[in-house]
Amino acid sequence: MTSLSGKTDIDWRAAAEMLAPVEVLNEDAQIKKRSRDFFWYSPILTEALDACFGDLVAVPKTAEELAHCLKCAYALDMPVLARGGGTGNYGQAVPMDGGLILDMTAMNQVLEVGDGWVRAQAGILMDRVNDALKEHGQEMCMFPSTSNIATLGGFVAGGSAGIGSIANGVLRDPGNLMGLKVMDVTADPREHVFEGTDTLQIHHAWGLNGIITEVTLRTVPAEDWQGCIATFDSYEAAFGAGVALAHARDIGCKLISIVDARIVEYFPRLKKHIPAGRDLLVSMIPDRSRDAFRDVIEAQGGTADLILNDAERKAARIPHVYDFSYNHTTLQVLRKDRSATYQQYGCPLPLDAADVAKLRAALGDDVWMHHEFSRYEGDVTCADLPVIWYKDEAQLRAIDATYEAHGFPVYDAHTWQVEGGGLKSADYTHLAWKKRMDPKGLLNSAKSRAWGAVKDLTPEEIEARAAS
């Protein structure tokens, strides 16, 4: 069995035999399917990653089977990449060096539920975690809009915020990510426990520095959530309403998204339920906050068109409101027109609708705004994930420059390296842990542009770079 990727000289038939009794998938179609994520949102990443594939897939079902896979990888110098649901947008789950793909989705059990926390295996779908929590009167503190296909471990390795972040902060905020078990890639692989702030040594490292096997996540009391959609005559008014709701802590919003009216044209299942040509505010609120929500919307000049519980939503044949938030918004457009893309921008603080209006006027018709509100370290923050009608990279970078000139930072979504995007520089603490957990550099190393320069250093020498 030769290398599908063309990037390794390993005898993959012998490797598959060595991995027994772990289930392996060796058909080209199976391998190619598991070599993909949502990088195709970006035409730049599509060009860079479309020809990248692994060579073999292993599907461990227990920690012992995972340890066996990693022991084999260490012995044969196999590049290794762990994947969950493949919902990342930056190619995190694309094996650029070929090698062994670890499909973690068979490690998928809720292990323990306590008062304010849940412990589960990394390969479990996030919807399944929330379903298990319902009988305990709890729910996850946050989850991505893709929670029906995203895994818990994948969210920790590659995500940062989601539905719930306006109420509970982002994933890295203290108390949200409570504990991790992570397996190293050595001659005798073992699990390491990270708790409290130490979890940040692993969080958002794209699987570079260990294989997450278990996650302990904060939970919050469950609410009777109402899906809400309000409409406005202008984007500025909708954004202003978002700011007002974000600061109204007594309402208890779980989600606040603002969507350009032109994007709404790509939401066909809403067309019979809201007026055409109006900018959208999408939210989730507790049932007790219906009147207070309406008051804020009307004070900002909007109309609360829909406030539905789950049974009413299903009867109306409307998707979850979070299907119109985060990167699901981009997906709705891309399903109809693949010439679009998106980008990620921050907003200057304090949030001001007038600043957004000035930027909007400077951007022209190629950029359709879409904002998501969250909290970080207690402060209300906002990200813009606009739909962009892409022409070429020069056009995209000119749009970036316009945002920056107006004080809106760029968190580039069109890079396949972990030092890009919001990080913008090497995280030497992550890389020091990579050296400890992955001394041969087998784990997804191509995704770090800094790793090559530090791979021969000791963990302490790498950490010294962080200190400097």
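This is a predicted model: local features need pLDDT of at least 70, side-chain atom pairs count only at pLDDT 80 or more; totals for chains, interfaces and linings use all residues.

Author: Residues are numbered from 1 along each chain as its sequence is written, and side-chain values use heavy atoms, with hydrogens and water left out.

Reader: How do you know that the radius of gyration of the protein agrees with a compact globule?

Author: The radius is taken over C-alpha atoms, and the globule rule is 2.2 Å times the number of residues to the power 0.38. For 468 residues a compact globule would have a value near 23 Å; the protein has 22 Å, and therefore the two agree. The C-alpha trace spans about 65 × 50 × 45 Å along its principal axes.

Reader: Why is Leu180 called buried?

Author: Buried means under 20% relative accessible area, exposed over 50%, and partly exposed in between, with a 1.4 Å probe and protein chains only. Leu180 has a relative accessible area of 2%, so Leu180 is buried. Leu180 belongs to strand E8 (residues 177-183); strands (E, at least two residues) and helices (H or I, at least four) are DSSP runs, numbered from the N terminus. Setting aside residues up to four places away in sequence, Leu180 touches, among others, Val156, Phe194, Ile202 and Ile212, where contact means heavy atoms within 4.5 Å.

Reader: What makes Gln417 buried?

Author: Gln417 has a relative accessible area of 18%, and because the limit is under 20%, Gln417 counts as buried. Gln417 is found in the loop between helix H14 (393-405) and helix H15 (428-437). Its contacts, not counting residues up to four places away in sequence, are with Trp206, Ala446, Lys447, Ser448 and Arg449. Of the 468 residues of the protein, 57% count as buried.

Reader: Which classes of residue make up the lining of the second largest pocket?

Author: Nonpolar means Ala, Val, Leu, Ile, Met, Phe, Trp, Tyr, Cys and Pro, charged means Asp, Glu, Lys and Arg, and the others, Gly among them, are polar. By this division the lining has seven nonpolar, seven polar and nine charged residues. Of its 23 residues, Lys134, Met284, Asp310, His320 and Tyr322 lie nearest the centre of the pocket. Helix H5 supplies the largest share of the lining, four residues.

Note on methods
On a 1 Å grid over the protein atoms alone, a cavity is a set of points where a 1.4 Å probe fits but cannot get out, and a pocket is an open set with protein on both sides within 12 Å along at least five of seven lines; lining residues have an atom within 4 Å of a point.
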